[in-house]
Every structure is written in C-alpha cells, then in structure tokens.
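Reader: Hi, I've just opened this one and could use a hand. Can we walk through it together?

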Amino acid sequence: MTTRTPGPGWRSDRVSRGYVADYKPFVMVDGEGVRCSLYVSGCLFACEGCFNEAAWSFRYGRPYDDTLEDRVLADLAHPAVQGLSLLGGEPFLNTGVCLRLVRRLRAELGDRRDVWCWTGYTLEELRAGTADQRALLAEVDVLVDGRFELARRDLTLAFRGSTNQRVLDARASLASSRAVPWHPPAAIELRSTEVEAR
C-alpha cells in the first residue's frame, strides 16, 4: 500500500460529510497541556500503519452538530484547558467542521486557547491549497504536518509518529517564507484572569 498524493479533486466541499469519529475532552496526549480533542472523519491519504484507519471513511462516527459544538466550547472554557486539538481523519478535508468550531472558539475565547492540528499535508501544500484550507491554517497555532511513513516510524518522537513529520509554529511559519519549528515555552504562565486567588 502506498500513501496517496493530494490532487485537484481533494476538496473538503467534495468529500466531507461533516462527520466526527470521536471527541475526547481533558486529554493530555494530543499536544501540550490539557486539551479537548476532536477527531474528524474522512481521510484520502491512506498512510500505511495509520493509527486511526477507521476514520478514513467520511461517514464514520456521527454528524457534527450544535449539541457537540456547545459541549466542546463548554469544555474549552474550563480554566485547566490549554487548547483544542484537531485530528482525524484529515482536518483539512473537513474544513466545514473545523473552521466552524475554531471560529467560534476565537469569538468566545480569543487567543486564550491554542489550536493544534495534525495533517497529512505539508505546510507547503497547505500554503498552495484551497481558500478554506488556507483559512483554517491561519487559525492554527501548532501544525503537525506530513504523511505518516511507516518506514520512518519512531516511537520516541513527541507529538508525531515518523521522522519526516514536523511540529511547526504555524503562525511564525505563515509570517515568514519558511517552516518554523515549534518549541515548548520554558515555563507555562498561569492565566491570571482564570486562576482564583489562593
């Protein structure tokens, strides 16, 4: 089996059915800190050894709806939560769901929560992608990019499965003409407006 390469037909409005495979609140494995993780359904990359092969189907799971969105936003408002993680499936082939959620997050919580996103696309492919893909990329803080390659799998890597994948500072990367690696902050500052006086 070989990983597929994106083509002109790889558009969210053509393939996405608006389904989600899973939602996991208050997890600590999908990025830095405590996170709320939304797994969208549908992926065309079909990487050999994919950890979530069931979510390749665009009809796997259940439709994304207002009830789930309200729950995600309520969970994200908890002061212990650092941010939202978008996984899949392929978030950039499910931009209808992901943009809707991220835009509401920004409207209600601004930049007080970060957004991490895992994708089989590379940053360079997304820069040249469709308008909706570029719009979603502009809302992401940390991008884990690139196809999973079974021959390059490394279980010691943080936040990625194979050595070709990159953990990028998405905002810095978009502001420059190059991919900028993400580095964890030396110390996490407490959000003074969200921590009660002791």
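Author: Apart from neighbours within four places in sequence, threonine 119 is in contact (heavy atoms within 4.5 Å) with Glu90, Phe92, Leu126, Leu143, Val144, Asp145 and Gly146. This is a predicted model, where local features need pLDDT of at least 70, side-chain atom pairs count only at pLDDT 80 or more, and totals for chains, interfaces and linings use all residues. Residues are numbered from 1 along each chain as its sequence is written, and side-chain values use heavy atoms, leaving out hydrogens and water.

Reader: Where is threonine 119?

Author: In the loop between strand S5 (114-118) and helix H4 (123-127). Helices (H or I, at least four residues) and strands (E, at least two) are DSSP runs, numbered from the N terminus.

Reader: Is threonine 119 buried or exposed?

Author: Buried, with a relative accessible area of 7%. Buried means under 20%, exposed over 50% and partly exposed in between, using a 1.4 Å probe and protein chains only.

Reader: OK, new topic. Which residues touch the most other members of the largest nonpolar core?

Author: Leu38, Leu76, Leu84, Leu86, Phe92, Leu101 and Leu143, out of 43 residues. A nonpolar core is a set of buried Ala, Val, Leu, Ile, Met, Phe, Trp, Tyr and Cys residues joined through side-chain atoms within 4.5 Å.

Reader: And where does the largest share of this core come from?

Author: H3, with seven residues.

Reader: What does leucine 86 contact?

Author: Leaving aside neighbours within four places in sequence, its contacts include Leu38, Leu101, Trp116 and Leu136.
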